[in-house]
Amino acid sequence: MDKSKRKTIIAGNWKMNKTMSEALDLTNQIKPLTNGADCEVVLCVPFTNLETVINALKGTDIKVGAQNVHFEHSGAFTGEISVGMLKELGVQHVIVGHSERRQYFGETDETVNKRAKSALQGNLMPIICVGELLWEREAGITEEVLSRQLKLSLAGIPDNDITKVIIAYEPVWAIGTGKTATSEQAEQACKFIRLCIEKLYKNELADSLSILYGGSMNASNAEQLLAKEDVDGGLIGGASLKALDFGEIVKAASIIV
Ligand code: PEP
């Protein structure tokens, strides 16, 4: 395993926060703090802010992502957004299967798989979220859960597409709770995820896949988490809404690179 072979990625997940004018403000604050960083920076913003944020980031290396995508190209799916719609705006990444989508909007491993495949077909990089619930960790079935989620979410994704997938390990008990996984817990789970990918794909593909940790990562704990061998970056919720904190996390990731 060689961490230097992999891209370090810091992705912000703004969730359902920021009006258009607030989004522009936050982007303009984040831009000077993160542009030119030695890692990839992605801002996953609400659909309504995509165009504003993309325009504000023109001429920088910072990428913009969406937080969900539908698997059909078009049709009678009221309230949904297609890959083509996102691509035309200049979106490059999309979060798929976030635990909040699973918890509140009926997302399953099967729909995660459909969304991920559709994203890849349209040249959007899916950030596929996996992670165990608190009771699953306490019952000692974390690995069983991760391996099931990965197998089903990645079903039918060929070797040449897995290189465009990003996995985010997000223990559900750590999301938005202020309860971060220890760096050892994060490493153990990310290493296990890489082993699962190795079983499903060739070793070198598992070795080059970026696996992010997400769950109350902040400016104080980022360096310790990101220093771990199999943690290739972070998916950041709350702290991505504070420019200075997000900038510190990107700085911590750049030191590791
Ligand atoms: C997330 O929304 O993916 C997340 C990790 O949130 P937070 O950082 O707030 O725990």
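**Figure 1. Buried residues of helix 5 and the elements that cover them.** In this predicted model, helix 5 (residues 109-121) buries Asp109, Thr111, Val112, Asn113, Arg115, Ala116, Ser118, Ala119 and Leu120. Buried denotes under 20% relative accessible area, exposed over 50%, and partly exposed the range in between, computed with a 1.4 Å probe on protein chains only. Helices (DSSP H or I, at least four residues) and strands (E, at least two) are DSSP runs numbered from the N terminus. The cover over these buried residues includes helix 3 (83-89), strand 4 (93-96), helix 4 (99-104), strand 5, helix 7 and helix 8 (159-162). The 13 residues of helix 5 should span 18 Å at 1.5 Å a residue, and the end C-alpha atoms are 18 Å apart, which agrees. The expected span is 1.5 Å times one less than the number of residues. Asn123, which follows helix 5, has a positive phi near 70°. Residues are numbered from 1 along each chain as its sequence is written. Because the model is predicted, local features need pLDDT of at least 70 and side-chain atom pairs count only at pLDDT 80 or more, whereas totals for chains, interfaces and linings use all residues; side-chain values use heavy atoms, with hydrogens and water left out.

**Figure 2. Packing of helix 5 against helix 7.** Helix 5 and helix 7 (residues 142-153) pack at an angle of about 45°, with their axes 8 Å apart. That angle makes helix 5 oblique to helix 7. Angles under 35 degrees count as roughly parallel, over 145 as roughly antiparallel, 65 to 115 as roughly perpendicular, and the rest as oblique. Axes are lines fitted to C-alpha atoms, for helices over the stretch in contact, and angles run from 0 to 180 degrees between N-to-C directions. The contact (heavy atoms within 4.5 Å) involves Asp109, Glu110, Val112, Asn113 and Ala116 of helix 5, together with Arg148, Gln149, Leu152 and Ser153 of helix 7. These contact residues comprise three nonpolar, three polar and three charged. Ala, Val, Leu, Ile, Met, Phe, Trp, Tyr, Cys and Pro count as nonpolar, Asp, Glu, Lys and Arg as charged, and the others, Gly among them, as polar. The crossing of helix 5 with helix 7 is right-handed. A crossing is right-handed if the near helix is turned clockwise from the far one by less than a right angle, and left-handed if anticlockwise.

**Figure 3. Packing of helix 7 against helix 9.** The axes of helix 7 and helix 9 come within 10 Å and cross at roughly 45°. Helix 7 is therefore oblique to helix 9, and their crossing is right-handed. On helix 7 the contact is formed by Glu143, Leu146, Ser147, Leu150 and Lys151, and on helix 9 by Ala189, Phe192, Ile193, Cys196, Ile197 and Leu200. Eight of the contact residues are nonpolar, one is polar and two are charged.

**Figure 4. Helix 9 and its residue Ser183.** At 1.5 Å a residue, the 18 residues of helix 9 (residues 183-200) should span 26 Å, in agreement with the 26 Å between its end C-alpha atoms. Its buried residues are Ser183, Ala186, Glu187, Ala189, Cys190, Phe192, Ile193, Arg194, Cys196 and Ile197. Among the elements covering them are strand 5 (125-130), helix 7, strand 6 (166-169), helix 10 (203-208), strand 7 (211-214) and helix 11 (222-226). Ser183 is buried, with a relative accessible area of 7%. Not counting residues up to four places away in sequence, Ser183 touches Gln224, Leu225 and Lys228. Ser183 and Pro126 are 57 residues apart in sequence and 24 Å apart in space, C-alpha to C-alpha.

Figure 5. Phi of Ser216 is positive, near 55°, although the residue is not glycine. Most residues other than glycine have a negative phi. Ser216 is buried at 19% relative accessible area, whereas Ala219 is partly exposed at 33%. Ala219 touches Asp245, Glu248 and Ile249, with residues up to four places away in sequence not counted.

**Figure 6. Ala56 in helix 2.** Ala56 belongs to helix 2 (residues 50-56) and counts as buried, at 12% relative accessibility. Leu24, Thr27, Asn28 and Lys31 are touched by Ala56, not counting residues up to four places away in sequence.
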